[in-house]
Amino acid sequence: MAGGGLPTGTLTFLFTDLEGSTHLLQRLGDRYPALLAAHYELMRAAFGHSGGREVGTRGDALFVVFDQASAAVAGA
């Protein structure tokens, strides 16, 4: 994990979900992985710019931690 580990203390967690991803997967087929990669790239840039640190992914979801709630809102 980049950034030297997770922050400590009072934290704010942000969980994302790509709405309609099952439908998109069915509709896009082999093109879906490229769409998901672009989605992750954009989200990671926004969260990283606001000080978020990625905890993990599952399917199309990202789990990100921030040391301040205002930073999470800015990242979102």
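Student: Is His 39 buried or exposed?
Tutor: This is a predicted model, so keep that in mind. His 39 is buried, because its relative accessible area is 16% and the cut-off for buried is under 20%.

Student: Which element holds His 39?
Tutor: His 39 lies in helix 2.

Student: And what does His 39 touch, leaving out residues up to four places away in sequence?
Tutor: Leu 18 and Asp 60.

Student: OK, the core. Which residues touch the most other members of the largest nonpolar core?
Tutor: Tyr 32, Leu 36, Phe 47, Leu 62, Val 64 and Phe 66. That core has 13 residues.

Student: Which elements give two or more residues to this core?
Tutor: Helix 1 (21–28), helix 2 (32–49), strand 3 (61–66) and helix 3 (69–75). Helix 2 gives the largest share, four residues.

Student: Switching to charges. How many salt bridges does the structure hold?
Tutor: One. The side chains of Arg 44 and Glu 54 meet at 2.6 Å, N to O.

Student: Why does that pair tie together separate parts?
Tutor: Arg 44 lies in helix 2 and Glu 54 in strand 2 (residues 53–58), so the bridge joins parts ten residues apart in sequence.

Student: How accessible are Arg 44 and Glu 54?
Tutor: Arg 44 is partly exposed, with a relative accessible area of 38%. Glu 54 is partly exposed too, at 27%.

Student: Which ring does Arg 44 lie over?
Tutor: Tyr 40. Arg 44 lies over the face of Tyr 40, 4.8 Å from the ring centre.

Student: Rings, then. How many aromatic pairs are there?
Tutor: Three. One of them is Phe 13 with Phe 15, a stacked pair: 6.5 Å centre to centre, with 20 degrees between the planes.

Student: Where do Phe 13 and Phe 15 fall on accessibility?
Tutor: Phe 13 counts as partly exposed at 48% relative accessibility. Phe 15 counts as exposed at 57%.

Student: What about the rings of Phe 47 and Phe 66?
Tutor: Their centres are 6.2 Å apart and their planes sit at 90 degrees, so the pair is edge-to-face. Phe 47 lies in helix 2 and Phe 66 in strand 3, so this pair ties together parts 19 residues apart in sequence. Both Phe 47 and Phe 66 are buried.

Student: Last one. Which residues do ring pairs link into a cluster?
Tutor: Phe 13, Phe 15 and Phe 63.

Note on methods: Residues are numbered from 1 along each chain as its sequence is written. This is a predicted model: local features need pLDDT of at least 70, side-chain atom pairs count only at pLDDT 80 or more; totals for chains, interfaces and linings use all residues. Side-chain values use heavy atoms; hydrogens and water are left out. A nonpolar core is a set of buried Ala, Val, Leu, Ile, Met, Phe, Trp, Tyr and Cys residues joined through side-chain atoms within 4.5 Å. Buried means under 20% relative accessible area, exposed over 50%, partly exposed in between (1.4 Å probe, protein chains only). A salt bridge is a side-chain nitrogen of Lys or Arg within 4 Å of a carboxyl oxygen of Asp or Glu. Contact means heavy atoms within 4.5 Å. Rings of Phe, Tyr and Trp (its six-membered ring) pair if their centres lie within 6.5 Å; planes under 30 degrees apart count as stacked, over 60 as edge-to-face and the rest as tilted. A charge sits over a ring if NZ of Lys or CZ of Arg is within 6 Å of the ring centre and within 35 degrees of the ring normal.
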